[in-house]
Amino acid sequence: MTRPRHKSKPAAEALTLTPIAYTRSCFQDKFGVPRQPGLTKNAHASLVIEPPFDREDAFRGLESASHLWLVFQFHEAVRAEWRPVVRPPRLGGNKKMGVFASRSPFRPNSLGLSVVKNEGLDRHNGRLVLKISDHDLIEGTPILDIKPYLPFADALPEASLGWAEEEPLQRLPVSFTPEAGTQLAALPPADYPDLRGLIEDVVSYDPRPSFRRGRDEARIYGAHLYDLNVRFRFVNEGAAVRVEVVSVC
């Protein structure tokens, strides 16, 4: 007897995805955000759960998971048309790779996937909130799904990629001007958790575009963390480069 064939659906058939949460993040825009989650242990965020998903029952047992998978939308990278090749920053922004061989935000469906640390569920002003850290999400990121990270299945030490095998460990030394240090000390830690460490993480990885790295420039950059504008510059000292945080306000 011949088995009936399943009818294949058109590849271009649209799917409707409903966000289950929106992100309140320490990162207010794309500049300065780590290019992968886990590069800063000092990044905190809250996922504000949307109705009808804001029920504790839907998260029962999640407290036992130390880390979570988040499926989200690159909402600021949505484009009407997609391109088959991208220029990964890890390759200096010069070499092209296939979009499906990269983790570029400029993808056909604008979907992202990140592992984050689970900091627990809470109610805040009547809203159910899932707190996370070690993340790479900007303010307003729509969360499409939350899953527990399974160490025995998800951690594959033997896995390889070839062109991005290791974590970018090279970090620039960071200093703070007296003015920036005073401003930082005056901020309440409860409102800005681990802020000094977050600033150091963000600027030490040199968030400049690849074509600007290595230049001797007097330009002052700014990264928006929480409701603050962190201004910093790169100081060339012979062959060495350090980052100087100018102000935190």
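**Barrel, pocket and cysteines**

Strand 2 and strand 7 pair over five bridges, in the antiparallel sense. The model is a predicted one.

- Six strands close into a barrel, and their order is 1-2-7-6-3-8 with antiparallel pairing.
- On average, neighbouring strands of this sheet are turned by 45 degrees against each other, with direction ignored.
- Leu47 has Leu130, in strand 7, as its bridge partner.

**The second largest pocket**
- Rolling a probe the size of a water molecule over the atoms shows where empty space is left.
- The second largest pocket holds about 680 Å³ of space.
- Its lining is made up of 22 residues, and those nearest the centre of the pocket are Arg24, Ala45, Ser46, Asp191 and Tyr226.
- Two or more lining residues come from each of strand 1 (21-25), strand 2 (44-49), strand 6 (111-124) and strand 7 (127-133).
- Sorted by class, the lining of this pocket contains eight nonpolar, six polar and eight charged residues.

**The cysteines**
- A disulfide is a covalent bond between the sulfur atoms of two cysteines.
- Zero disulfides are found when the whole structure is searched.
- Is Cys26 buried or exposed? Cys26 is buried, because its relative accessible area is 0% and buried means under 20%.
- Cys249 counts as exposed, because its relative accessibility is 52% and the cut-off for exposed is over 50%.

Methods
Residues numbered from 1 in each chain as written. Predicted model: local features only at pLDDT ≥ 70, side-chain atom pairs only at ≥ 80, totals over all residues. Heavy atoms only, no water. 1 Å grid on protein atoms, 1.4 Å probe; cavity = no way out; pocket = protein on both sides within 12 Å on 5 of 7 lines; lining within 4 Å. Points joined across faces, edges and corners; volume = space filled by probe spheres on them. Helix = DSSP H or I, 4+ residues; strand = E, 2+ residues; numbered from the N terminus. Nonpolar A, V, L, I, M, F, W, Y, C, P; charged D, E, K, R; others polar. Pairing = 2+ DSSP bridges. Axes fitted to C-alpha atoms, helices over the stretch in contact; angles between N-to-C directions. Disulfide = S-S within 2.5 Å. Buried < 20%, exposed > 50% of the residue type's maximum accessible area, 1.4 Å probe, protein only.
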